[in-house]
Amino acid sequence: MDDVSRETVAMESEPASALVVFGDRLPLARRFTAALGAHGEERGLIGPLEPPRLWNRHILNSAIAAPLFPTGGRVADVGSGAGLPGLVLAIARPDVQWVLIEPMERRVAWLEEQTADLGLDNVEVVRARGEEWTGGPVLDAVTARAVSALRTLIPVTAPLLRPGGELVLLKGANAENEITAAEKAIRRYKLTDVRVETVGEGVIDEPTRVLRATRGA
């Protein structure tokens with residue numbers, strides 16, 4: 001492997017902002033990040049270009065949304081994949097019960113391994129697609145990150161929410177336009193107070209856009 005290739009796959013150094021975001025939970029975040037950086041590519045969880053930007057682009061980008069979830073609530077991460085954002089949020093918010101919903105067996109295995117290795121007793125891993133959820137509309141919040149466009153994501157996530165529950169979806173730069181394209185689904189699932197918030201400005205290098213909406217009765 002040449003020097004350029006070595007540099008490409010080098011693990012990103014931990015930013016100082018990690019302590020601000022995770023506080024006394026930072027040691028667990030370090031362990032998870034190290035494991036994902038070391039094994040994520042070989043296990044098909046992240047691409048080869050991700051280790052050099054793992055902290056800022058993925059870990060902190062997920063964790064910065066942690067304060068948005070209700071204390072003592074039960075929250076699902078639909079399409080949890082490598083644990084972004086679900087496992088990261090479970091590390092940051094031990095006072096919340098997290099349900100990680102993921103259909104792919106190898107990803108489920110990773111989520112279960114990491115949950116056990118990190119000693120996270122606030123995590124349940126469910127092998128299923130979001131639309132296969134059989135628990136009913138009982139969750140206080142549902143999140144997802146980089147799964148699909150809002151108009152496709154709403155029919156999968158909104159039915160899991162109890163009345164008054166909230167969607168907290170981590171989205172990209174096109175979030176505002178996604179709201180316009182999803183107007184039909186927003187009406188169908190009686191979502192209110194639909195808006196995009198930017199969190200983490202002045203704290204992390206890449207602030208996170210969060211699309212929030214409340215499910216009506």
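This is a predicted model: local features need pLDDT of at least 70, side-chain atom pairs count only at pLDDT 80 or more; totals for chains, interfaces and linings use all residues.

Trainee: With which residues is Phe32 in contact, leaving aside its neighbours within four places in sequence?

Mentor: Phe32 is in contact with Ile59, Ala82, Leu84, Leu87, Val88, Ile91, Trp110, Gln114 and Leu118, once neighbours within four places in sequence are left aside.

Trainee: Let us turn to Val142. Is this residue buried or exposed?

Mentor: Val142 has a relative accessible area of 0%, so this residue is buried. Val142 is found in strand S4 (residues 139–145). Beyond its neighbours within four places in sequence, its contacts include Val75, Ala76 and Val78, and also Thr157, Leu160, Leu161 and Glu166. The C-alpha atoms of Val142 and Asp77 are separated by 6.0 Å, although these residues are 65 residues apart along the chain.

Trainee: What is the relative accessible area of Thr143?

Mentor: Thr143 lies in strand S4. Its relative accessible area is 0%, and therefore Thr143 is buried. Leaving aside neighbours within four places in sequence, Thr143 is in contact with residues including Phe69, Asp77, Pro85, Leu89 and Leu170.

Trainee: Where does Ser80 lie, and is Ser80 buried or exposed?

Mentor: Ser80 lies in the loop between S1 and H5. Ser80 counts as buried because its relative accessibility is 2%. Apart from its neighbours within four places in sequence, Ser80 is in contact with Gly86, Leu100, Ile101, Glu102 and Leu111.

Trainee: How should I read the geometry of the backbone? Which residues does a cis peptide bond join?

Mentor: Most residues other than glycine have a negative phi, and most peptide bonds are trans. Here, a cis peptide bond joins Leu84 and Pro85, with omega about 15°. Pro85 lies in the loop between strand S1 (74–78) and H5.

Trainee: What is the phi of Lys190, and what is the phi of Asp193?

Mentor: Lys190 is not a glycine, yet has a positive phi of about 55°. Lys190 lies in the loop between helix H9 (183–188) and strand S6 (191–199). Asp193, also not a glycine, has a positive phi of about 50°. Asp193 is placed in strand S6, and its relative accessible area of 52% means that it is exposed.

Trainee: Our last topic is charged pairs. How many salt bridges does the structure hold?

Mentor: Side chains of opposite charge can pair when their charged atoms come close. This structure holds 15 salt bridges. One of them is formed by the side chains of Arg129 and Glu131, at 3.5 Å from N to O. Arg129 counts as partly exposed, at 44% relative accessibility, whereas Glu131 is exposed, at 52%.

Trainee: Which residue forms a salt bridge with Asp140?

Mentor: Asp140 forms a salt bridge with Arg162, and the closest N and O atoms are 2.7 Å apart. This pair links distant parts of the chain, with Asp140 in strand S4 and Arg162 in strand S5, 22 residues apart. Arg162 counts as partly exposed, at 31% relative accessibility.

Trainee: Which residue forms a salt bridge with Arg195?

Mentor: Arg195 forms a salt bridge with Glu166, the closest N and O atoms being 3.8 Å apart. Here too the pair links distant parts of the chain: Arg195 is in strand S6 and Glu166 in strand S5, 29 residues apart. Arg195 is partly exposed, with a relative accessible area of 22%, while Glu166 is buried, at 15%.

Trainee: Which residues are linked in a network of salt bridges?

Mentor: The network of salt bridges links Glu166, Asp193, Arg195, Glu197 and Arg212. Among these residues is Asp193, which has the positive phi of about 50°.

Note on methods
Residues are numbered from 1 along each chain as its sequence is written. Side-chain values use heavy atoms; hydrogens and water are left out. Helices (H or I, at least four residues) and strands (E, at least two) are DSSP runs, numbered from the N terminus. Buried means under 20% relative accessible area, exposed over 50%, partly exposed in between (1.4 Å probe, protein chains only). Contact means heavy atoms within 4.5 Å. A salt bridge is a side-chain nitrogen of Lys or Arg within 4 Å of a carboxyl oxygen of Asp or Glu.
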